[in-house]
Amino acid sequence: MVRGVEIKTPAQLDAMRRAGHLVGETLELLREAVAPGITTAELDSLAEQHIRDGGGIPSFKGYAQPPFPASICASVNDEVVHGIPGARVLVDGDVISIDCGAIVDGWHGDAAISVAVGAVRPEVGALMEVTEAALWAGIVAGRLGGRVGDISAAVEARVRAAGDYGILEGFTGHGIGTRMHQPPDVPNTGRPGRGQKIVRGLALAIEPMVTLGSPYGVELDDEWTIATSDGSWSAHYEHTVTWTPDGPWVLTALDGGQARLAELGVLCGGR
Ligand code: MG
Ligand code: MG
């Protein structure tokens, strides 16, 4: 067992599901709101309102140093992750990655989606599909008794099989529970059979960050936003997941992952 790994009871996972569901709802609300003409600050306001109305606390607000100033990360085009919402107006053809986290009764949910603003270039659409498919490949590669490396290898294989994409270096998924970021790391590249064992009560945030070019990110002057080093565009999808004897339970998917898992021929482990 990796030091510091937090194992949840079934009742605690039910509590995490409430946080995850609120995050999933918030992201669906934002997906509907994304359109040419809206600012990223407006999306952030919608998110904060929905999280607070649902009895949650936005976990990103005030996080780390310098304190993150908003309830979502809004990363547009060449920005991969950790973009700060603001006055930027979305325009037709943009792609926005929205990352959202909430705390309910002390338990965290964390998820992200990329959304096309109007019509995106075909290669951007393909990038989004590949990145989301890699997330689900990772989810279904996890199983009780398996290893975190199984997830990492599946994410990587799905991206590599699709073409010449960059997998962002230096950023990983993570354990999650009473804190947003806990051990173990969940890399987006790796080898099967390595790393932390996947046991009942483990919860992981799996989050592929994929680019149309360079795998390297640069931090912008705002000390948060990570953009690609070569200006290539990127996508980011994330879910908070746990595994039960029946299969994966996607805590941040509104249906627990059931529909998507069924498409992949996998039973859902959610209650
Ligand atoms: Mg996140
Ligand atoms: Mg995360």
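Modeller: A definition comes first: Ala, Val, Leu, Ile, Met, Phe, Trp, Tyr, Cys and Pro count as nonpolar, Asp, Glu, Lys and Arg as charged, and the others, Gly among them, as polar. Please also keep in mind that this is a predicted model.

Colleague: How many nonpolar, polar and charged residues does the lining of the largest pocket have?

Modeller: Its lining divides into 11 nonpolar, seven polar and seven charged residues. The space in this largest pocket is about 390 Å³. Of the 25 lining residues, Tyr63, His82, Phe171, His181 and Trp224 are the closest to the centre.

Colleague: Which residues lie nearest the centre of the second largest pocket?

Modeller: They are Glu28, Arg31, Glu132, His239 and Ala253, from a lining of 20 residues. That lining comprises 10 nonpolar, three polar and seven charged residues, and the pocket holds about 280 Å³ of space. At least two lining residues come from each of α1 (10–33), β5, α3 and α5 (258–263); α1 gives the most, with four.

Colleague: Which residue coordinates both magnesium ions, ligand 1 and ligand 2?

Modeller: Aspartate 110 does, and the two ions are 3.1 Å apart. Aspartate 99 belongs to strand β4 (residues 95–104), whereas aspartate 110, 11 residues away, belongs to strand β5 (residues 107–116).

Colleague: Are aspartate 99 and aspartate 110 buried or exposed?

Modeller: Both are buried; the term applies to a residue with under 20% relative accessible area.

Colleague: Which residues touch the most other members of the largest nonpolar core?

Modeller: A nonpolar core is a set of buried nonpolar residues joined through side-chain atoms. In this model the largest such core has 54 residues, and Leu43, Ile96 and Ile206 touch the most other members. Helix α3 (residues 122–141) gives the most to this core, namely eight residues. A second, separate core has eight residues, including Leu13, Ala15, Trp249 and Leu251.

Colleague: What does isoleucine 96 touch?

Modeller: Leaving aside residues up to four places away in sequence, the contacts of isoleucine 96 include Val34, Leu43, Ala74, Leu90, Ile113 and Val117. Thr40, Ser75 and Ser114 are also among them.

Definitions and conventions
Residues numbered from 1 in each chain as written. Chains lettered and ligands numbered in written order. Predicted model: local features only at pLDDT ≥ 70, side-chain atom pairs only at ≥ 80, totals over all residues. Heavy atoms only, no water. Core = buried A, V, L, I, M, F, W, Y, C linked by side-chain atoms within 4.5 Å. Buried < 20%, exposed > 50% of the residue type's maximum accessible area, 1.4 Å probe, protein only. Contact = heavy atoms within 4.5 Å. Donors = N, O, S within 2.8 Å, 3.2 Å for Na, K, Ca; no water. 1 Å grid on protein atoms, 1.4 Å probe; cavity = no way out; pocket = protein on both sides within 12 Å on 5 of 7 lines; lining within 4 Å. Points joined across faces, edges and corners; volume = space filled by probe spheres on them.
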